[in-house]
Amino acid sequence: MNLSLAKIISGESFGYHITLPHSMGDKVLSGNWNANNDVLPFHPKATPGKVGGKCLNQQEYIQLVDKAKLAMEREHWKKIVTSRCFEVPKTIDLNEQYVLALHQRFPEAYLIVFNHPVWGKWLAASPELLIKKKGQVIETMALAGTLSADSLGQWGEKEIKEHEVVRDMIVETLHSNGVDHIQSMPRNELYYKTVRHLQTKITGQYQGEEGALFHALSPTPALAGMPVKPVMDWLVENEGYHRGLYGGIIHVKNGDESFAIVLLRCMHWSNRGAWGFVGGGIMPDSRADSEWNETVMKQNAFIFDPNESIQ
């Protein structure tokens with residue numbers, strides 16, 4: 001069933017509207033919520049209605065990054081993905097014009113708009129696919145490591161290590177959950193307006209139900225850190241706000257295909273206001289000021305005047 005984008009945005013309908021990347025034909029998937037189409041929050045104990053909270057300023061976020069580095073040193077963790085929320089400017093309205101402008105601005109992103117009966121209204125222009133399954137063939141990706149799109153420098157050891165942590169965990173998780181014939185493609189770059197990411201595409205064959213893979217893979221170290229569970233719990237206690245579905249997934253079935261897409265570069269509208277979410281992977285050698293700048297780059301990528309010309 002195709003649902004009207006306008007009715008989802010206005011709140012008249014519960015449902016989802018997803019535009020696949022241009023390289024996948026700009027295909028639109030839309031429909032109602034049911035057993036085959038739903039969302040999964042970042043943390044299993046996430047509470048609807050409490051999304052958002054204290055939005056850290058630059059100094060506070062730098063302190064959070066430094067605190068994360070101390071925790072990694074103390075606990076011998078490999079990575080923590082810190083994040084922050086921000087209040088979406090009142091000039092930004094969730095309407096069809098803004099959605100169209102997002103698609104024009106990020107043609108290779110998964111453009112997601114949905115109104116959920118429990119989690120409310122969300123908008124995302126996400127670069128990250130968690131799982132695509134067609135028949136027994138699955139596709140996924142490791143997406144971690146970020147530099148400015150304007151940067152001419154080579155990828156540093158920090159970004160490469162951060163990427164390898166995510167890639168290795170995904171491959172290990174696929175192996176341990178019955179995925180066969182796993183292949184990792186050569187690492188490449190994915191551009192996202194103001195930033196570029198390291199990306200490795202991964203394929204395999206899987207005969208089971210994809211739901212088991214979603215729960216095993218989500219969240220990946222690209223969204224939480226490594227090891228995932230203790231780091232997730234640390235984030236809930238230390239970030240100072242409620243992520244909700246940020247870093248979670250939306251899962252939809254379309255005929256013989258199913259998609260689980262990570263909710264990144266996203267915004268949430270509620271009766272308490274509108275919130276946006278950005279973050280970045282912290283490694284032992286991360287610089288706190290650089291990590292703040294990375295979140296600013298990501299924020300500036302998807303918060304913009306929809307009337308401005310698309311470059």
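Predicted model: local features only at pLDDT ≥ 70, side-chain atom pairs only at ≥ 80, totals over all residues.
**Entry 1: Arg-243**

I started with Arg-243, which sits in the loop that links β14 (241-242) to β15 (249-254). Is this arginine buried or exposed? Its relative accessibility comes out at 5%, so Arg-243 goes down as buried. Next I looked for a polar partner for the side chain. A polar atom of the Arg-243 side chain is 2.9 Å from the backbone oxygen of Leu-223. Leu-223 also turns up in the contact list of Arg-243, once neighbours within four places in sequence are set aside. The rest of that list reads Phe-42, Val-51, Val-81, Thr-82, Ser-83, Trp-122, Leu-235 and Phe-277.

**Entry 2: Pro-21**

On to another loop residue. Pro-21 belongs to the loop between β1 (15-19) and β2 (28-31). I get a relative accessible area of 3% for Pro-21, so I file this proline as buried. What does Pro-21 touch, not counting residues up to four places away in sequence? I found Asp-26, plus Pro-107, Glu-108, Ala-109 and Tyr-110. I also checked Pro-21 against Thr-200: 179 residues separate them in sequence, and their C-alpha atoms are 17 Å apart.

**Entry 3: the cores**

The largest nonpolar core has 72 residues. Which residues have the most contacts inside it? I noted Ile-18, Ile-80, Ile-112, Phe-114, Leu-174, Ile-250 and Phe-277. Helix α2 (residues 58-75) gives the most to this core, namely six residues. Another core, of 26 residues, lies apart from it, and includes Ile-92, Val-99, Phe-106 and Leu-111.

With neighbours within four places in sequence left out, Leu-174 is in contact with Ile-138, Thr-140, Val-179, Ile-182, Ile-202, Leu-213 and Leu-217.

**Entry 4: cysteines**

Last, the sulfurs. How many disulfides does the structure hold? I count zero. The cut-off I used for a disulfide is 2.5 Å between the sulfur atoms. I looked up accessibility for both. Cys-266 has a relative accessible area of 0%, so it is buried. Cys-85, at 1% relative accessibility, counts as buried too.

Methods:
Residues numbered from 1 in each chain as written. Heavy atoms only, no water. Helix = DSSP H or I, 4+ residues; strand = E, 2+ residues; numbered from the N terminus. Buried < 20%, exposed > 50% of the residue type's maximum accessible area, 1.4 Å probe, protein only. Polar contact = N/O pair within 3.5 Å; in protein donor to acceptor, adjacent residues only side chain to side chain. Contact = heavy atoms within 4.5 Å. Core = buried A, V, L, I, M, F, W, Y, C linked by side-chain atoms within 4.5 Å.
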